[in-house]
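Please read the points below with the model open beside you, and look up each residue as it comes up.

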Amino acid sequence: MVTTHNLGFPRIGAKRELKFALENYWKAQSSRDALQALGAQLRRRHWESQRGLDLAPVGDFAFYDQVLDMSFTLGNLPERVQGFHGDVLDNYFRVARGRSSQGGEDHAACCGGVAAGEMTKWFDTNYHYIVPEFTASTGFSLDPSRLVAQLAEARAAGVTAKPMIIGPVTYLWLGKAKDDSDRLALLPKLLPVYGALLDTFASQGVEWVQIDEPALVTELPPAWQQAFVTAYEALETRRVKLLLATYFGQLQNNLSLACKLPVDGLHIDAINARDEVAQAARELPADRVLSVGVINGRNIWKTDLTAALEWLEPLARTLGSRLWIAPSCSLLHVPVDLESEQKLDPEIRSWLAFALQKLDELKVLAGALNQGRASVADALAASAAAIQSRRASPRVNNPAVKAAVEKIDASLGKRASIYGQRASKQSSILNLPAYPTTTIGSFPQTADIRHARSEYKAGKLDDAGYRAAMRREIERSVREQEALGLDVLVHGEAERNDMVEYFGEQLDGYTFSQFGWVQSYGSRCVKPPILFGDISRPKAMTVEWITYAQSLTNKPMKGMLTGPVTILNWSFVRDDQPRSVSCYQLALAIRDEVLDLEKAGVRVIQIDEAALREGLPLRRAQWNEYLQWAVESFRITANGVRDETQIHTHMCYSEFNDIIASIADMDADVITIETSRSDMELLDAFDNFKYPNEIGPGVYDIHSPNIPTQDHIVQLMKKAGERIPAERLWVNPDCGLKTRQWEEVIPALTNMVAAAKTLRNRA
Ligand code: GLN
Ligand code: ZN
């Protein structure tokens, strides 16, 4: 008999209940008890829907982030929040989100202002976690209360509970030593705490614990490989069984290591590392479980169940009950329930599976393996029909688009002149001061905006009414920016629900779910559009809004677009053609938009590539191939313009050191980046003239409600000036302001503009 299990369930709720509850609580509109109750209700609901599985995960729920949860479980709180005397959950949110010092001086040490923890991407996903902070003197102490309480809840909900935790090596791997000490040196202090946690599980009667070590799919230095041996030998004698979970990629040279570790089972992502499963089956000792992730936990397509069975059946014959099956990774990265989608085109809908449907697929596979294919014949036939319909559909295949991609050549991606020549033509047109100020694109998505959009979508507001409402918002943004004295303005993106969905909605080859939300960080969710077919642009997408905004001001108005790589990386993409081909199709479509904006007289065009780095494969050996087509796609999009047109690009959450040559190769005239949380450290990559064009290092963190002081901004810009010549520096926030309130934005930007003036006067 094969065993079925799940590595993690989306926690945000099918209708984003958790998001709304969190935001109400943060706005002090609801109580902590209400938030806790909602959390419990979601957990219960999610376990109920996983009841048919042999084992369901516990501990996958988090109010903000599973890594931050782990930091609290391990008692690893940043020093700056250790003196807090309030509730633990509030302290947890203080680390997650930061806190401004409005509490007053008296409370500075206990509950005053505190910086948010650094946030970074969870492997190659669009989920962001709070980076554990270490110093040489970091100590750990166990707080198992969250997991113990949830274990009891899971049992009450009628599931066989499998607690899941992040393993000790990955936990250290994901963190950052604030004092540059060797964080691996903390392992001896960390292991007893893990040991005690496993003992706690044992005393609660737990049989299996899922211990996630996705660091094993990355390139590990020898000391870190050795750390796995040390760690799991130390944890070996515990009374619970450990399922070591890897996902998101191949283990490669860590595979033999993983097979030898003294654990009771190994989970391999059989979507990305299918080739390694046979080797694992050979190398794992005969008493170990091999769990294979056969259902893709990262996309929304139905599994070809027959093909999966062809592969699984021989494995089941070899392994017998040692074979477990599961999704490839936690289902955190997919939406909850396709049943909620009543507006999707029925044909396209028939090709899709969300979390609950993926678990159903898992059960069908288990049925076929345990009772024979005949026992699930109807389900297999339905799956085969869906796979066949998708493959053959004319809605997927557009020969004209395929032909255009075939015709792409190097000339499409080249500007007429080099940056130096372009810069002088641009500056004589734009007439900007030193340290020009700008913002990244979006202004607050106010309640009015959201209301107008929902009325419009519900058919209660007509086209003209909606357009008028958006124009009013654009006008408001322009007036505010003029009053603030910003130099290059933006229209504010009022009309955009989301920087990717907005474009996807206007491109052929895309479709949209209504409730297909996936958590990005904290309460933030994204609803990735579904790229299902060949991409084309039926008509201009942004020109009307940008030209309207430009008509309201004499200052240059930036046209605002999302770049092809980001659209790709933030969409659910096709699994029936290479990502590169989908990206080139997007590049050609957005290029036409760039040229239309230029034709309409727009002098500055920003093409956001926030997610360029996100697409990097986990292993360096594969980086070049990705960067080659990704950068070329951006160049095709951006570089068809005249010298006089200034191209900006923007990236967030990015480290640049290792990809700076590719970023430079994109050849944007100006790049704005996220830097403030890292205290301008990121700029080291741009040092020594490695980056030849202009740079706007973000001077304040838009994820936090804190208002930056003028002084702080001046200090940050001076640090930037030590690395980059002043004449190539811009002053701007880290990212777009859509999640902020105007009451936060105005004082922050006032200080930012004042800082730029101070810098100009000093120069
Ligand atoms: N232009 C976008 C905005 O301001 C950029 C967002 C992003 O980089 N994530 O919202
Ligand atoms: Zn950004």
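This is a predicted model: local features need pLDDT of at least 70, side-chain atom pairs count only at pLDDT 80 or more; totals for chains, interfaces and linings use all residues.

1. Residues are numbered from 1 along each chain as its sequence is written, chains are lettered from A and ligands numbered from 1 in the order in which they are written, and side-chain values use heavy atoms, with hydrogens and water left out.

2. The protein averages a pLDDT of 95, and 98% of the residues score at least 70, where pLDDT is the predictor's confidence in each residue, from 0 to 100. For the model, the scores are ipTM 0.99 and pTM 0.90.

3. Around ligand 1 there are 13 residues, the closest being Ser442, Glu493, Asp608, His650 and Gly736; a residue is counted here if one of its heavy atoms lies within 4 Å of the ligand. This shell divides into seven nonpolar, four polar and two charged residues (Ala, Val, Leu, Ile, Met, Phe, Trp, Tyr, Cys and Pro count as nonpolar, Asp, Glu, Lys and Arg as charged, and the others, Gly among them, as polar).

4. Which side chain has an N or O atom 2.7 Å from an oxygen atom of ligand 1? That side chain belongs to Ser442, while the side chain of Glu493 places an N or O atom 2.8 Å from a nitrogen atom of the ligand, and a backbone N or O atom of Ile440 lies 3.0 Å from a nitrogen atom of ligand 1. Taken alone, ligand 1 exposes 300 Å², of which the protein buries 92% (areas by the Shrake-Rupley method with a 1.4 Å probe).

5. Thr125 sits in the loop between strand 3 (119-121) and strand 4 (128-130), strands being DSSP runs of E with at least two residues, and helices runs of H or I with at least four. Thr125 counts as buried because its relative accessibility is 3%, and buried means under 20%, exposed over 50%, and partly exposed in between (1.4 Å probe, protein chains only). A polar atom of its side chain lies 2.7 Å from the backbone oxygen of Trp122, and one lies 3.0 Å from the backbone nitrogen of Tyr127.

6. Glu505, found in the loop between helix 20 (501-504) and strand 13 (508-511), is partly exposed, with a relative accessible area of 39%. Leaving out residues up to four places away in sequence, Glu505 touches Lys457, Asn497 and Phe512, contact meaning heavy atoms within 4.5 Å.

Methods:
A polar contact is a pair of N or O atoms within 3.5 Å; within protein, one must be able to donate a hydrogen and the other to accept it, and residues adjacent in sequence count only if both atoms are side-chain atoms.
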